[in-house]
Amino acid sequence: MSASSDVGYHAQRQARWHYGEAAFWLIVLACGFVFPSRYLIMTDILRLALFAMSLDLLLGYAGIVSLGHAAFFGVGAYAAGLLALHGIVNEPVLALVVAGLVAMVLGFATSFLVIRGVDLTRLMVTLGIALLLEALAERFSNVTGGTDGLQGIEMQPIFGEIPFDMFGKTGFFYSLAVLLVLFLFARRVVHSPFGLSLRAIKNNPLRAAATGIPVNRRLIAIYTLAAFYAGIAGALFTQTTAIASLDVFAFERSADLMLVLVIGGTGYLYGGLIGAVLFRMLQELFSTITPQYWQFWIGLVLVVIVLVGRQRLHRWMLYVPNLVIKQIAGRKAVVAIPESDA
Amino acid sequence: MTSILTNLFDGVAYGMLLFVLACGLAVTLGLMNFVNLAHGAFAMAGGYVCMVLVNRMGWPFFAALPLAFVSAATIGIVLERTLYRHLYARSHLDQVLFTIGLTFMSVAAVDYIQGSSRVFINLPAALQGQFDVFGVGIGRYRLMIIVICGLLTIGLQMVLAKTRFGSRLRAAVDDPRAASGLGINVPQVFAFTFAFGCGLAGLGGALSAEILGLDPYFPLKFMIYFLIVVTVGGSSSITGPFLASLLLGIGDVAGKYYVPKMGPFVIYTMMIVILIWRPNGLFGRTAAR
């Protein structure tokens with residue numbers, strides 16, 4: 001077997017659907033029927049998962065560290081809010097796509113700034129863009145509602161058929177559907193040759209460029225795509241909570257997002273989803289212990305994760321599942337995370 | 001005309017303060033290439049120490065300032081030896097996560113101990129009010145800041161340029177590997193500088209309570225300012241960060257005075273434009289290699 005077909009073989013193997021993945025989505029769907037009283041928090045988790053998946057595309061696959069991903073979330077949120085408030089696009093799904101596209105345009109425009117320079121410059125520029133947008137949203141308070149946020153958003157029924165209910169049932173299944181569709185697309189993207197080239201860039205941009213990968217164009221493309229995803233997540237936020245306020249741009253949102261992704265693990269798409277669940281559970285736990293100071297414990301978790309080492313932590317977490325799989329299937333465990341240091 | 005001069009004066013005071021707050025970060029970034037987003041937490045620690053000493057224990061303000069420096073430096077060296085040291089070789093992502101975690105912890109801890117409202121340090125009467133020089137309003141407190149920070153800056157420049165320690169530090173920033181090859185104990189130089197930078201931040205935090213406002217969210221609110229100073233100024237000398245601080249201070253004060261509606265917009269735009277125009281900082285070589 002030649003080397004190139006070997007790579008193709010492995011890539012195809014990786015791209016194949018596993019039973020575990022189907023089981024994962026069935027469990028998520030089942031949650032919707034098992035816990036009918038928890039729609040609001042579950043919707044929240046789905047939104048966060050989508051947002052984290054967006055950052056995973058950047059961080060886990062392209063290796064771009066962003067401290068200002070909330071910028072796109074916020075733009076999506078305000079776009080969806082304004083579209084609904086002024087009745088420009090009444091149909092939620094269409095509005096969602098439009099809001100995503102608005103964020104995508106911003107992502108494309110700012111990608112040129114971000115791909116320049118090294119890690120530190122990228123951190124600064126992404127952070128600066130988010131802060132800039134927050135300042136803008138505050139400045140043009142006649143459009144954005146300032147610190148009060150957009151109020152009185154009324155969502156029209158989805159496809160003109162399914163109305164949003166007050167228990168958040170529609171919101172949950174709507175968010176789940178959006179998440180699933182976008183996940184399938186992201187899965188296709190990261191397993192395509194395009195996705196493989198991104199990984200090459202992440203591992204070594206210089207080498208990637210030497211093998212003929214147009215590094216800058218690929219980075220612009222993935223940055224734009226990630227902005228689209230974040231915009232959709234923001235729009236979902238507005239549509240399911242019927243509010244958009246200045247804190248959609250907050251630095252804490254970007255920082256929390258990093259934590260979500262770090263808890264779940266980067267570079268395998270499910271990291272964001274699992275991380276979102278764990279993060280919300282941690283947050284609930286901490287705020288029941290100390291309502292006002294949960295941030296302290298979140299910070300402690302971050303510090304411990306980094307000190308212990310992310311890779312080591314994931315090995316520990318997967319120890320038991322791997323053992324089970326080994327015993328049952330009698331083969332090498334499949335639940336391994338291809339994590340190289342970002 | 002006089003309002004321009006008053007603004008300029010306020011801007012210079014503000015910029016000098018930012019320089020004292022941020023110059024420790026310039027060394028951290030320049031020497032160890034370590035992204036320390038928790039730098040503001042040390043400033044906050046110094047500020048709160050000063051506040052407790054002055055307001056609760058009745059210490060005179062000028063006696064509390066050195067202690068703000070010492071306490072922040074002590075916290076700095078303890079954390080450097082126990083935690084930071086393990087992370088120098090890690091990726092930027094790990095460093096960012098770690099220091100964000102520290103920042104969150106410091107914010108919540110101070111909130112828990114001292115409450116979330118803004119605190120004020122009782123200033124001696126000699127520092128309050130302002131006087132006129134040819135019609136230009138000069139705040140006494142701001143004048144004191146300019147004097148203290150100006151002296152510190154000159155002192156720092158002298159130490160860096162004239163002393164043996166200064167030349168070791170410059171050698172280590174220029175090329176840590178070559179420096180350690182020549183027998184310079186780079187980790188030690190760095191630990192000392194880190195502590196000193198944290199101490200300066202603590203002093204800056206104590207001084208800034210009156211001007212920037214001191215509350216538990218200080219590290220998050222001003223993080224971007226410190227980073228701007230360092231990335232725009234570069235870290236090859238202290239002149240770069242110094243000029244960047246002055247530029248930032250004057251720009252921010254002028255921006256808030258003349259176009260109050262644009263708020264912090266001016267600063268962020270300036271930063272992004274400068275970083276796009278010169279990704280390696282305005283003055284000399286960049287911190288990140």
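Colleague: What makes chain A as compact as a globular protein of its length?

Modeller: Chain A has 16 helices and 0 strands. Its radius of gyration is 20 Å, and the globule rule gives 20 Å for 342 residues, so chain A is as compact as a globular protein of that length. Along the principal axes, the C-alpha atoms of chain A fill a box of roughly 65 × 45 × 40 Å. Buried residues make up 45% of chain A.

Colleague: What is the pattern of chain B along the sequence, and what makes chain B as compact as a globular protein of its length?

Modeller: The pattern is α-α-α-α-β-β-α-α-α-α-α-α-α, with 11 helices and 2 strands. The radius of gyration of chain B is 19 Å against the 19 Å that the globule rule gives for 289 residues, so chain B too is as compact as a globular protein of its length. The C-alpha trace of chain B spans about 55 × 45 × 35 Å along its principal axes, and 50% of its residues are buried.

Colleague: What share of the contacts in each chain joins residues at least 24 apart?

Modeller: In chain B, 77% of the contacts between residues at least 6 apart in sequence join residues at least 24 apart. For chain A, the share is 76% of the contacts with a separation of 6 or more.

Colleague: Why is A:L269 called buried?

Modeller: A:L269 has 21 C-beta neighbours inside 10 Å. The cut-off for buried is 20 or more, so A:L269 counts as buried. A:L269 is in the loop between helix 12 and helix 13 of chain A, and its phi is near 65 degrees, a positive value in a residue other than glycine.

Colleague: Why is A:A242 called partly exposed?

Modeller: A:A242 has 18 C-beta neighbours inside 10 Å. Buried needs 20 or more and exposed needs 12 or fewer, so A:A242 falls in between and counts as partly exposed. The residue is found in the loop between helix 11 (215-241) and helix 12 of chain A. A:A242 also has a positive phi, about 60 degrees, although it is not a glycine.

Colleague: Why is B:G255 partly exposed, and what is it in contact with?

Modeller: B:G255 has 19 other C-beta atoms within 10 Å, while buried needs 20 or more and exposed 12 or fewer, so B:G255 is partly exposed. Leaving aside neighbours within four places in sequence, B:G255 is in contact with B:M262, B:V266 and B:I267. The C-alpha atoms of B:G255 and B:V266 are separated by 6.3 Å, with the two residues 11 apart along the chain.

Colleague: Where does B:G255 sit, and how does the reach of that helix compare with the expected span?

Modeller: B:G255 is in helix 10 of chain B. Helix 10 (residues 239-258) has 20 residues and reaches 28 Å from its first C-alpha to its last, close to the 28 Å expected at 1.5 Å a residue. Among the buried residues of helix 10 of chain B are B:P241, B:F242, B:L247 and B:V253.

Colleague: How do you know that strand 1 and strand 2 of chain B are paired?

Modeller: Pairing takes at least two bridges, and strand 1 (residues 130-133) and strand 2 (residues 136-139) of chain B are joined by 4, so the two strands pair. They run antiparallel. B:V133 stands opposite B:V136 in strand 2. The two strands form a hairpin with 2 residues between them, and B:F134 in the turn has a positive phi of about 50 degrees.

Colleague: Which residues and helices make up the side of chain A that touches chain B?

Modeller: 35 residues of chain A are in contact with 37 residues of chain B. Helix 6 (119-139), helix 12 (251-264) and helix 14 (294-308) of chain A each supply at least two residues of that side of chain A. The largest share, 14 residues, comes from helix 6 of chain A. By class, this side of chain A has 25 nonpolar, 5 polar and 5 charged residues.

Colleague: What do the buried residues of helix 14 of chain A pack against?

Modeller: They pack against helix 12 and helix 13 (270-289) of chain A, together with helix 4 (92-114) of chain B. Among these buried residues are A:F296, A:I298 and A:L302.

Colleague: Where in chain A is the pLDDT below 50?

Modeller: Chain A averages a pLDDT of 85, with 94% of the residues scoring at least 70. Over residues 334-342 of chain A, however, the pLDDT is below 50, although this stretch has 25 contacts in the model beyond near neighbours in sequence. Where pLDDT is low, the predicted coordinates should not be read in detail.

Note on methods:
Residues numbered from 1 in each chain as written. Chains lettered and ligands numbered in written order. Predicted model: local features only at pLDDT ≥ 70, side-chain atom pairs only at ≥ 80, totals over all residues. Expected span 1.5 Å × (residues − 1). Contact = placed C-beta atoms within 7 Å. Nonpolar A, V, L, I, M, F, W, Y, C, P; charged D, E, K, R; others polar. Rg over C-alpha atoms; globule rule 2.2 N^0.38 Å. pLDDT = per-residue confidence, 0-100.
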